Structure formats: C-alpha cells, structure tokens
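Please read it alongside the model.

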Amino acid sequence: MDTNTQVGEQKTTAPEGDAAERGLSIPDTLSVLPIKDTVLFPMVVMPLIVSRESSMRLVDDAVVSENRIIALTTLKDPSVEHPQVSDLYEVGVAAAIHTMLRLPEHQRLIVQGLRRIRIKEVVQTEPYIRAKVEELPDVQDWTESESMELEALRRNVISAFQRVVALTPTLPDELQNIANVVTKPGALADTIAMHLPIPIPEKQDLLETLGIKARLKKLLAILMREVEVLELGSKIQSQVHSEMGKTQREYFLREQLKAIQRELGETDERTAEIEELRAKIAEAKMPEEAEKEALRELDRLSHMPPAAPEYTVARTYIDWLISLPWNVYTEDNLDIPTVRRILDEDHYGLEKVKERILEYLAVRKFKQEGEIRHPILCFVGPPGVGKTSLGKSIARALGRKFVRMSLGGVRDEAEIRGHRRTYVGALPGQIIQGIKRAGSHNPVFMLDEIDKVGVDFRGDPSSALLEVLDPEQNSTFRDHYLEVTFDLSKVLFITTANVLDTILPPLRDRMEVLELAGYTEEEKLEIARRHLIPKQLDEHGLKKGEHITFTKRAVVEIIRGYTREAGVRNLERQIAAVCRKTAREFAEGRTQPVRVDVRKVREYLGVPRYTFEELEDRTNEPGVAVGLAWTPVGGDVLFVEATQMPGGKQLVITGQLGEVMKESAQAALSYVRAHAKELGIPEDFYSKYDIHLHVPAGAIPKDGPSAGVTMVTALASLLSGRRVKPRTAMTGEITLRGKVLPVGGIKEKILAARRAGVETVIIPKDNKKDVEEDVPANVRNSMKIEYVDSVAQVLALALEPDGKKSKRSQAGRGQ
C-alpha cells in the first residue's frame, strides 16, 4: 500500500516567521519517501499514513537520526506498488518529522515542509531510496517598480481563494482568514495551492515554479477557473432546487384549489377536460371493448399530474380512440345506371372492372338483410392504363370517401400494424390513419403498388397485409397502437400491381385479380379525344376551336409514330408537347387557331420514332423471324436472327437470354436436325456449319419459353433459304415432338403486334379461348390470327413457298 495522506485530516500551516524552521539546514543527502495523491509544499504541516514496509523502515531510521529531515516527492502514477526513482517527480520538498505514532500495521506521522529540493543523484535504492539533493530557493522575479503589481496580484489571489472557500463545502471557512496568518507572497501561494482541490499535475507545476510572481499568476488563473466552475455548478443546483420547489408548490396549491372548488361546488379546468373527454367517448359510440379501454385510460389520466411523462401518452391515445369513425358510414349509391354513367365518364373501356363493380352493387341492392362480403380487388396491368385513377372513379361512383396508401418501398411492418405505445412517438399504422383521414368506416381504400413491398429486419409488411385483406379476419383487425379490434370488413380494399410474381402467394390468393392488359389503338384514340386533349388544353390555358383543334388523323399519327406503350402516359406527354408549342406561338403573337394535322404533328414533334417498315426491312432475308413477348409494361415484338458459318457442331446463343430461352433454342435446333429431310435441308448441315442464334436488344434480359416457335422458324428459314413472310409474328412453346403449347400474355402480345404493324399472328391453338375472351373484336378483325398445334403448321404458315427462295440463299447453298 502506497504512502498517502489520511482522508479528512486537516492540513495546517506553520507560522512563516518560525526561527527554528528558518535556522534548519538541509543535508546534502536525504532519504526519499514517495507519496501519492497529494503534493507537499514548504511551510505546510500535513499528516501522513505510512504502510509500505520499506517506507516504514525509512521513517524508523529518520526518527532516530540527528535532524529527522527526509525528502517527500509525489508519484507520477499512484497505481505503482514498488516505485523507483523514475516513477517520482524530480522536484519535491524537504520535510521534518514532528511526531510519529507506531501502530501494528502502519505508522502515523505529522510532517512539515521546509524547502523545495531537486533530486540530483541516487546513492541508495535498498531498502529504501536515498539521494543527493539540492535546495531550490524562491526566486524574486520582480523589480522594485513592480512591487505594486505584485501586491495587486497577491490581493486578487486572496480574494479569489476566499470565493473558492465560500463555494466549496469541503473547505473550512477558517481558510478565508489565511491572509491574516501568511503575508509573504511565496508562502501565501504555497499554502493556498496546498489546500486547493485541483489535479496533482497542476499542484506539481506550482511546486516547480520557483519565481514568486510567476507562481502567483499561475495560481490566480487556476483560482479564476475554479471560481467560474463553482459558480456555474451553484447556479445549476439553485435552478434544480427552484424547479423542484416550484413543482411541489404547484402540487400543493392545486390540491388546495381542488378542495376549495369541491366545497364551492365548482370544477377546475382539468376536471372539465376529463368530463369533456368522457362525453366524447360516449358520443363516439365505440364497441364495448374499445369504450372499456378508453374509460380505463381516462381513469388513469384523471389521477395523473399533467407534468408526468405518461400524461401526454395517455391523452394522445384517448384522442386517437375518439377521433376514429367507429360508427360513421357513407351511404352507397345503389342506382346502377348512374354508377355506370360515372364510371364511363371517367374511363373509356375497362369493361371487366366496371362489370365487377356493377355486380357488387347489384348484390348490395338485392340482398337487404345480413352481412355482405366486400370484394378485395387487385388491378394488375402495365403502367399508364389507369389503375389508380380507376380507384378514385369507383369511390366517386359509389359515393364513398377515397383513401390511397402507396406501398412502394415500404419495409417496416409497423407501417401496417402501428407501433406499440411503449415506444416514444408511437402512432397507429397507415391503415388506421387512413380510416381516420377518411372520416368514414367504409371508404374505398386503395393500396397502390402492392407488388413493390420490401422485406428487411423490421418485418414483412406483406405478411401483415394478410389479415387486412382477408374478409374472414379483417373484421377483428388489431392495431398494435390501439390494442383493440377495429372492423375493416366494411372497407372496399382495392390494390394495384404491375406484376403478380412478386406478390406473396398467400396474399395473392386473398385477392380477386382483374387484369388491365392495355388499350387498343381505337381505345387510345377515344381516350385522347374524351380525356387527354381536354385535360391538356385546360392545363395550358388553351380553348378548343379558339386556339387549337386536333384532327383524328393527327391523334392516330401520334399514337402510331410517337408512342408504343400499353397505357397512355406517353401519349399524354406528346399531346402536352403539342399544346406547349401552340401556347408559345400564341404568346409570340399568333392570332389564328392552330389546326393540328399530320403535317403539324411532324413539325412539332419531329420525325416519327416508330415505323411499320422495320418489320419488312429486317425480315427480307432468310434467318430472321418476328416473335411476341410479354413485359411488365405491356407487350412487345422481338426479332430472332440466325446465321451459319463454316465449322461444325456448335450452337452459339447471344442476346442476354435466360436459361429457359436457351433451352428453347436447343430444342428448336434439335427439331430442325430431326426433320431436316422434310424441310429440304441437307442432313449433314450441322457437321459442316456452326449456328449462331441472336436476339437483338442485348442490353435487355430475356427469358421464357414462348419464343420457341420463333427460334425454330428462324433456323428453318436460314437453313432452307426460305424467307419469313412479311408482317408475320408468332408466339408459342415447342416440344421435341413438334407440338406447340399455349403461353400467357396473349392480349398484350396481340396488341403489341398490332401496334408494330403485324398483319398475321400465329399463336397456339389452346390459346384461342384467350383471344376470343380478352382481345376486342375490332382487333381480331383487323388482323389474321392463325391457330396452330404443331411446328409443321407454323413453318407452313410462316415461310415463303419453296419457289420464292431468295437469290442470296440459293447462291449460298450452291457453293
């Protein structure tokens, strides 16, 4: 155990004029006693406890010596158990041992500092340290002319120290009279430094400062800092006591006020607030469970001081329960002809969706009693076909409130179910918040982009939606924040998606899927005439007839030459571009109305981006066939190109194709090799040539089995030298036996073929029902649709007759 000062012992100061102390001479060699957690200064008396064996032996030898003087130096690191000279500060104090009391386990000393000393050379390390020392007298670092400044410095030090003593409870008040006892500046600085509660390195720095004026300046800086810190702490403590006192005073006064008001038969503001909340709970007509929970929370609130943290949480919870439309409903418009008219006003086409809504209303009108299950509809289709706006139209037709929530990018389950009230700032989920915004228990609630819900460590929102979108469960939906059931069975939920593949299968199973495949050219023309053109004219401040008029051929030109999409968003953008240019002309001084015809469209929008000639240009040589593909944004046409080169038995497939599409290419080649004789192809072609199959637009990933017939047609065309008939496209999966199997997305593919100028479409025979059910009659009548069930039929319909082989192919085959 290191030598240390005894905690709580009072340090004292010897009279600075003591003749005996002044007359003592310091020996050249002294025993060195390490001390920790304190610094001894000259002329200061201090008690010590010595417990280390070597230190106790040092004291025993010093007491019996002639002068009883030892050197005291401070340890740099108090945790050192067996200190060496390197562990000690070089500058210390020579001290005299006045008294020593021996106890069984330690010694108690009273020592008085005499002079500053510096350790020069160690002469002994065992059993304790002895060293040669030199005395360090005080340095008079001021001139006679600076004596006034020194006196001012001394007085400032005394004043600051008195302030420190007054603000520090651990320092006795008697220390304020230290100036009356110690008058010399050097001794005054040492005595004050000894009593200051400052870090050991700062005390050691003061001990090592020999100049009296410099020592006083350092001490004054430390004192001013301590005064500032102590005053700030005192101020903070006073504020805390003041706040506590104020809170207690307000509590007692409030209780007294309650007692007085009870005696007078009056109610205070808080009581009135509680009663107002109680009345609102009664008016809300909540279910029994919710009302019981609200009253329980209100009872807690009434016994809670407003300053309590839980007060705001409880009040917010009650406000949420009160604000929900527990018993507020809008009456449905059951006039079916009126509903049909409103739906037709807002949207052209989309007959399946309109029929489903009218059927729902018919059931509502026919069934007067009992519960009616509301459908959970899911509108699936490419962007721009009007899924979101259709939800608004349905709400307007039914006379219900409309609420929309976008699920795109939502990854936190709490967005659906809410947060528990234990969390700071907790709120109900978006379902309950939407019901509150609607102000009705039976709104049309649209969950937009349900196919883009994400999953991460915060939970799976899709799984939380299972309860919301299940008619068997959503009558008892329980939000984490409310912790009471809320009936969602009266809500008409409508979801939208671009694709079904990314939707959780159990969630997809709970919804009635209605596909919005895309618009035909005639439908787009009618939509532009009824909705898009009037909307853009209004947005650009133009008037029909007075400023601008669109011809039918101009709109058709925009549809065919400047857009190729399933929806109408790009069509609306092109119409807006025409309107902007027209508005600019009028802003620059034009006075005559603008008649937008085909020539004007090309003047405003530039050269058409899409042309029908592409199909003929790219299929005028053998080895190129046109396929049909389904994409999330509608249908599209794709080209399959085949070529051959000297080599042997190698099939190269490029175009960023998926595994399924690569397997289709292998199957197509196998079919052609197996039926080479029937197709008029040399049976040994594969041993002499390498085959390269490529699907352009290589930056776009492609996959699926529906390009099988296109690939076999391209290979047969290349190897037989017969070109594919112009403006012919096809789709279908093939087998090694030459069968053509049905595929999906038929409506989108046929509409894409029509947009691209295809005149003949070859599709699997088993897809005939899809064509008759989904494809409008005017589209079916505008092109030739061939139904096939074998590859032989496909090749017979797609390839030119043998007599029409291209000269280039004949030349190549004759080599």
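At what angle do helix α23 and helix α25 pack, and how far apart are their axes?

1. This is a predicted model; local features need pLDDT of at least 70, side-chain atom pairs count only at pLDDT 80 or more, and totals for chains, interfaces and linings use all residues. Numbering runs from 1 along each chain as its sequence is written, and side-chain values use heavy atoms, without hydrogens and water.

2. Helix α23 (residues 659-674) packs on helix α25 (residues 708-720) at about 40°, with axes 9 Å apart. The crossing is right-handed, meaning the near helix is turned clockwise from the far one by less than a right angle.

3. On the α23 side, M661, S664, A665, A668, L669, Y671 and V672 meet G708, M711, V712, L715, A716 and L719 of α25. Contact means heavy atoms within 4.5 Å. The contact residues divide into 11 nonpolar, two polar and no charged.

4. The whole structure holds three cavities of 30 Å³ or more (on a 1 Å grid over the protein atoms alone, points where a 1.4 Å probe fits but cannot get out; lining residues have an atom within 4 Å of a point).

5. The largest cavity has about 60 Å³. Its lining is E521, K524, I559, R560, T563, R564 and R755: one nonpolar, one polar and five charged.

6. Y519, T520, E521, L751, R754 and R755 line it. Helix α26 (residues 746-755) gives the largest share, three residues.

Key: 1 Å grid on protein atoms, 1.4 Å probe; cavity = no way out; pocket = protein on both sides within 12 Å on 5 of 7 lines; lining within 4 Å. Points joined across faces, edges and corners; volume = space filled by probe spheres on them. Nonpolar A, V, L, I, M, F, W, Y, C, P; charged D, E, K, R; others polar. Helix = DSSP H or I, 4+ residues; strand = E, 2+ residues; numbered from the N terminus. Axes fitted to C-alpha atoms, helices over the stretch in contact; angles between N-to-C directions.
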